[in-house]
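The stops below are meant to be followed in order.

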Amino acid sequence: MDYLFPNLIAIDVKIVASNVFLFTFYIIPKGVTTFYVNDQDDMVVTGGPDTSIRIWDIYVPTHAAGLLTGHNSGIVKVFVQAEEKKIFSIDYLKIIKVWDLSDHTLVQTFDDLIRIIPSENDLVFHYHKALRILLIGCRKLVAIKCNPRVRVDLSDGTSHAGPVSVVLYNKLFRSVVTCGLDSYVIVWDPWSGRRKIIIRDCHTERLYGETQNVEITAACFDPLEGYLLTGARDGTLKIWNYNNAVCIRNLRIAGDHKVTAVRWVVERILVVGWDQQVTEFPYQEGHEFTLAKKWPMFHHDDITCADLKLGEGVVTASYSGELILWKLETGQPYRCYNVAEPEEYIELQFNKYKEKRKEIFPVTEPHLPTSKSMNQFVRHSVFEMGKQMIKSFSTNKQHHLVEKVRRTSEHVFVVMSVQTVLFLQTRRFSEDHGNYNSIMFSNELGSVQFASGDLLVALETGAVQIYSHHQRGGFMAQFNAIHKMGDCVLTMTADRKERYLFTGTAFGYVKIWHIQNLAVPPSEKVRINMPLLRLQFIFLRKDTFLLSAKRAVRYQKEPLLLSSYKAHLKAITSMIFINLPKILITGSHDWSVRVWTIGGRYLGTLGTPLPWMKLSPFEPIKEEGRVFRLCPDIKKVASSTTMKVTSGAQPDRIRPRLEKVVEEKELEEENELMRRFNRAREPILGKHFSLPAQSKLKHPVKLKMSSSPDSSKFTPIYTHLNVYEVHPLELPSTSPAMKNLASETYVSYGPTICSSLPFDNKSPYLLSQEPRLSTTPQEETESDSSYDENI
């Protein structure tokens, strides 16, 4: 029975026995308006008009065990989730705060009630423990899910309320920042797996009188990593101080086009998107973001991705396969390629004006292949589709359709879009043209190159092309980065020394490549330590059967595929690699952000309700002696390669057992015993007792294997029985009474009866059809002897 005194104290009254009461006093300034009793942890949580939440131990009522502050008005409702160690509190201003019960820290602030029920003040609350739903009653009925249960046997939970678009790592604060299509920016502590800051509704728009969230599509840090720049689908840009969730500046590109990539370099911000050009915002003291500068428009389609190499250049790519290299200092293009015909030289000329835009810039014709082989070029996916159609028609003997499809496919040209680009920052150039040694070498196609390949371009066909961004450079090589038809690389990243390349695909696969010797002169190639790589990457160890991931690259010399496993159920949109602890963080379209070791072991999902494995930002994770979990949703659909990589265990290879090996092993054991004991020990019971000899079958039973159809109806079953030789049995002599009885006949004289019986010349019981009435003694003796012989 509980009583509340709104002025000074709260009294807990317990009935101990008949007419005996036990009182516990909790002295609280300004009184209590709400409280919650947690029987599981033996504590009481109280809230009052002093805007503070107090945690009491029922055995120590003299002072509070914890004090939580952060509300700006009186507390009207508190409740506890004992299983999740969370405290929920609601104040008079309809602000809901979530607290961590273990370390008494603020986890989240929820203020949507102000928008949902703006003019309601008299509210009633009810929390359903089983469903974990908070019901709020007024003129409306509002239901809020409070940390809903997650079936850990099916999933480890989600990190965002929508697909994840960008994952960044801040070296200054050692934190991970994720942005999603739900317009959330979340700051994580990856070493403890907890959220530090949540910024909601980062980009919004007013549509039909309602405020709606706008998807965040691009983000980056400033050069000192103190601020965060985000770009949205509607062309808006915002600069955040994400440590206190404050927006510093709002920017916008012309035309309200989608922003696909942003890069922040010293004194400038570069933005690309669906406006088909590069927008530059100056960032200088006294002239911060004054006027946007438009670079010349050379693209003829929407720009999908961009990257830059500090102090050297910028690369942009479009849906139509255009690849343009720009000077970072002047903003002018100096090389242009098309990924469909990468070896063809395309000259940049101002020969056309685009009049449909407000700003008129000189542009060129679309950069499509102009060689004679243009009409015979077909995108890989379309080519494979045509081959399947031709094969199906040939099977059905429809030869006229086969010829029609073949003639049509020869004149089809489908351009290939670029999904992502990546500059390798450590492959530097000297003052001379080419790389730092200025070495010329020939690639596989026979063309002479002056530089190391430092630009990676991922196409929608699943191939990755390597270019040199030097003016005298160009296309160098390409390799296949997928093993499933229809897949493609959506994101790429590399380690600090650029020895490993990490790629994430549209089917949720993570692949790790060794690129230290990729597209470099022969004199600069290093020797690969394969035994060391096999210890680090279990994928490289030999399998009994060659699986699909290895079959796809078995004829591919460079780069070397180090690992391949399925990390998400949906497309991987962003990934980063942290060098000191050697962990890989991936963000996906399935709303989750997951942490992996470089070898492919699963560490956890950010935001999971399960306990987090403690990590250190200064030392790598030691995989030896640690047990790693398998992701539940991946475990249901994982292949044998994924199970091998994520579990870190390889099943024993099946080998036939040879008798020779067994005999040698027994001989070694016998020699070891003779070496240790010099001679065999005497029996303990002496020679008075001997074990019975085991009986051996003289004639082993063998199965009769018959190929007749009747033999398949029966299953031969036999046991080990003693089988003895068969000897003929001697029959006893016939008594005289039996001899007399055999000589008599009981057959009637009618010929019809005898003719109906089967006749046997050897039978003593059946006579001929002409019976004799009497016999002589000599005939009688002959009949007796014949009877004995028949018996």
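Begin by selecting residues 455-459 and 463-467, which are strand 38 and strand 39; the two pair in the antiparallel sense over four bridges. Strands here are DSSP runs of E of at least two residues, helices are runs of H or I of at least four, and both are numbered from the N terminus. Two strands count as paired if DSSP finds at least two bridges between them. Within this pair, display Ala458, whose bridge partner in strand 39 is Val464. The model is a predicted one, in which local features need pLDDT of at least 70 and side-chain atom pairs count only at pLDDT 80 or more, while totals for chains, interfaces and linings use all residues. Residues are numbered from 1 along each chain as its sequence is written, and side-chain values use heavy atoms, with hydrogens and water left out.

Now widen the selection to the sheet around this pair. It is an open sheet of four strands in the order 35-38-39-40, with antiparallel pairing. Strand 35 (418-423) and strand 40 (475-480) are the edge strands, each pairing on one side only. On average, neighbouring strands of this sheet are turned by 20° against each other, direction ignored; the axes are lines fitted to C-alpha atoms, and angles run from 0 to 180 degrees between N-to-C directions.

Next, go to the sheet with the order 8-9-10-11, an open one of four strands with antiparallel pairing. Which strands stand at its edges? They are strand 8 (75-81) and strand 11 (105-110); each has a single partner strand, so one side of each is left without a neighbour in the sheet. Neighbouring strands are again turned by 20° against each other on average, direction ignored. Select strand 10 (residues 96-100) together with strand 11 to see an antiparallel pairing over five bridges. Trp99 stands opposite Leu106 of strand 11.

Glu205 has Gln212 in strand 20 as its bridge partner. Two residues lie between the strands of this hairpin, and Tyr208 takes a positive phi near 55°.

The cysteines come next. A search of the whole structure finds zero disulfides, a disulfide being a pair of cysteine sulfur atoms within 2.5 Å. Cys247 is in no disulfide, and the nearest cysteine sulfur, that of Cys202, is 8.7 Å away. Cys247 has 30% relative accessibility and therefore counts as partly exposed; buried means under 20% relative accessible area, exposed over 50%, and partly exposed in between (1.4 Å probe, protein chains only). Cys138, at 25% relative accessibility, also counts as partly exposed.

The structure holds three cavities of 30 Å³ or more; a cavity is a set of points on a 1 Å grid over the protein atoms alone where a 1.4 Å probe fits but cannot get out, and lining residues have an atom within 4 Å of a point. The largest cavity contains about 70 Å³ of space, where grid points are joined across faces, edges and corners and a volume is the space filled by probe spheres set on the points. Its lining includes Arg263, Val272, Asp307 and Val314. Strand 25 (259-265), strand 26 (268-273) and strand 29 (303-309) each give two or more residues to the lining.

Finish with the annotated spans. Residues 32-58 are 0% helix and 59% strand, with end C-alpha atoms 16 Å apart. For residues 565-598, the end C-alpha atoms lie 12 Å apart, and the span is 0% helix and 59% strand.

Terms used: 1 Å grid on protein atoms, 1.4 Å probe; cavity = no way out; pocket = protein on both sides within 12 Å on 5 of 7 lines; lining within 4 Å.
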